[in-house]
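Visitor: I would like to learn how to read this model feature by feature. Could you show me the structure and take my questions as they come?

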Amino acid sequence: MSSNKIIFKHEEDKDTIECPLSKFELINSSIFNKGSAFTSEEKELFNLKGLLPSKTNTLEEQIERSYKQYSDLTHPLRKNDFMTSLRQQNKTLYYALVAKNLTEMIPIVYTPTEGDAIINYSNRFRRPEGCFLDITCPEEIKDRLQCFGLKEDLDYIVVSDGEAILGIGCQGVGGASRISLAKLGLMTLCAGIHPARGLAVALDVGTNNKDLATDPLYMGNKFSRISGDKYFEFLDKFMMVLKEHYPNVIVHFEDFGVPNAQILLDKYRDVIPCFNDDIQGTGAVVTASLMAALKYTNRTLPDSKILVYGAGTAGCGIAQQIVNHLRSFGLSEEEAYSKIYCIDRFGLIVESLKSKSNPTQMKYAKKDKDFEGVDTTSLEQVISHIKPTCLIGCSTQAGAFTEDIIKTMHKYNEDPIIFPLSNPTKKSEAVPADILKWTNNKALVATGSPFADVGEFKIAQNNNCFSFPGIGMGAVTIKATKISDGMISACVNALANLSPLNQLKENDPRGHSVGLLPSVEEIISCSSEIAAAVAIEGIKEGLSTVEGLPTDFSEMKKLVEKNMWKPAYKKYVKSDKPYTFQI
Ligand SMILES: NC(=O)c1ccc[n+]([C@@H]2O[C@H](COP(=O)([O-])OP(=O)(O)OC[C@H]3O[C@@H](n4cnc5c(N)ncnc54)[C@H](O)[C@@H]3O)[C@@H](O)[C@H]2O)c1
Ligand SMILES: O=C(O)C[C@H](O)C(=O)O
Ligand SMILES: [Mg+2]
């Protein structure tokens, strides 16, 4: 393509934007549209005079108006519908509105309400967003992707095949599309990925969800999910198109199922700059909150025993990240693995469970003889035998952490660390109010979905939304060739340092009431701090392809913040240059 085409690069220091659209095309472009905020000069210049009423609003006035409309709706799913429409109309207004109301709106546009929106996708569908790739037409992958721009036009892709959406299983094409859009939305909101430079990709490989397959309105392929060679060939074709045509784009895998998530990550992480949010993003946020909780209670990671309940994609990702962290304390690989215990649907993973467990799970297998006389399918008995410091739930089993279980944890720990991480809210292994009640308010709790404070106790959201935006933006900043384990560990350390517990003096009893992680209100500043740490680690490891980047943390943070797209209107000047990017 010609070099004079419009490229949305990080142009935050410019006061004007070159706009190649006019009339209906302009007003229908969610990237360029300003709605009632077009000035009279812009209305004249872009042929909009007959398309808009005469008054020009400010962005603040538009925020006020849309917040009123949003507030008129009482049902969370209707609020989600409203926000989806707003995003499709005017991205600047959408992100400005969410940024102003983070605590209220993140649960609407992300977990948990997005889970309901996904379940109802084909019935509530109004307008498509993002790219759809179909396993029946692998030869079309390149052309379909190129509708959204060429290699200079994209920084970040979120891709899902919809198999393991949150804790609600296969949600077909709707799950694949909307979970990718929700994650991409947070990349823009929290880490400033330009909305025209991010792409949500839905891979439609069929569905095993009977409700969808029998719904006449279901919009995806109704055949059973394709697996095995044909699935991997399709994925390989997609990844090779990215490698050839979008070599600098960072790829974020989301909600792939257990059989494929780790395999795809292992296969492609040295080939394409990519990471899996459920494995590595979750591993990072949970290790960070665990480190903060241990530090506050004067314990160390090498002295801890961790029990992971639900050894799927997230559970094994968390376990692996904790192992990586234990290694940084000088433990051997064997010692590190020995500190982590995993339970899956057949009970504690022990050597004799080999035929029912996958190779990733078997890394944590314990010797059967060490559990003689213990019913390894009973969580309570396993806890009594191991006496873990920390219990982590990623099982999708609502209520699995019963009163007896939590009290058993408390029996062996003055301050047990309990993380019920399954999403959405209805899948949580326990609710914080119960956990606190059953432990005389001593447990250190953080949950996957948002929960309200319990009296004076603040419940941190132990969700990968605190890690993936920083990991992704760090990688985009240096146009990384790879996202290394060191970059993920840099995220862990940066996030653990941001825990509000660090601001307390030793033995300050308020510890349990400040929350283990920063509040959602702080998610944007946390993400830039993490991005800077991740970028610096990538440079140190020789994984950057950008020349002349700062290696000093505060300089890098300034650069990251400058590069972050912010929702504000700029003056438009007319452009006749060709463009290829999404509008
Ligand atoms: N908080 C976060 O940031 C975060 C991140 C990722 C995933 N999650 C949540 O964690 C849950 C799991 O996600 P995933 O991607 O790992 O899914 P997954 O399907 O890969 O894993 C779930 C695992 O739980 C196991 N399981 C099912 N029933 C069980 C039982 N009765 N006892 C023990 N194990 C059982 C399954 O066999 C599977 O291995 C979901 O609810 C998801 O929303 C939270
Ligand atoms: O999407 C979330 O809220 C976190 C996580 O990626 C999940 O799958 O639950
Ligand atoms: Mg996920």
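Visitor: How many nonpolar, polar and charged residues does the shell around ligand 2 have?

Guide: Start with the classes: Ala, Val, Leu, Ile, Met, Phe, Trp, Tyr, Cys and Pro count as nonpolar, Asp, Glu, Lys and Arg as charged, and the others, Gly among them, as polar. Here the shell around ligand 2 has 1 nonpolar, 5 polar and 3 charged residues. Its members are Thr 111, Leu 166, Asp 255, Asp 277, Asp 278, Asn 423, Gly 448, Asn 463 and Asn 464 (a residue is near a molecule if its C-beta atom, placed from the backbone, lies within 6 Å of it).

Guide: A word on the source: this is a predicted model, where local features need pLDDT of at least 70, side-chain atom pairs count only at pLDDT 80 or more, and totals for chains, interfaces and linings use all residues. Residues are numbered from 1 along each chain as its sequence is written, while chains are lettered from A and ligands numbered from 1 in the order in which they are written.

Visitor: Which residues come nearest to ligand 1?

Guide: Of the 29 residues around ligand 1, they are Gly 167, Gly 312, Ala 314, Ser 422 and Gly 448. The elements giving two or more residues to this shell are α14 (277–296), α15 and β8 (helices, H or I with at least four residues, and strands, E with at least two, are DSSP runs numbered from the N terminus). By class, the shell around ligand 1 has 10 nonpolar, 15 polar and 4 charged residues.

Visitor: Why does ligand 1 lie between domain 1 and domain 2?

Guide: Because domain 1 (61–272) and domain 2 (280–464) both give residues to its shell. Ligand 2 lies between these domains too, since both contribute to the shell around ligand 2. The domain bounds come from an automatic or database domain assignment.

Visitor: What is the strand order in the open sheet?

Guide: Strands of a sheet pair through backbone hydrogen bonds, either parallel or antiparallel. In this sheet of 7 strands the order is β9-β8-β7-β10-β11-β12-β13, with mixed pairing (two strands pair if DSSP finds at least two bridges between them). At the edges are β9 (347–348) and β13 (460–461), each pairing on one side only. Strands β11 (417–420) and β12 (444–447) run parallel, joined by 2 bridges, and Ile 418 stands opposite Val 445 in β12.

Visitor: At what angle do helices α18 and α19 pack?

Guide: Axes are lines fitted to C-alpha atoms, for helices over the stretch in contact, and angles run from 0 to 180 degrees between N-to-C directions. Helix α18 (379–386) packs on helix α19 (403–412) at about 0°, with axes 9 Å apart. The two helices are therefore roughly parallel to each other (angles under 35 degrees count as such).

Technical notes
Parallel < 35°, antiparallel > 145°, perpendicular 65-115°, else oblique.
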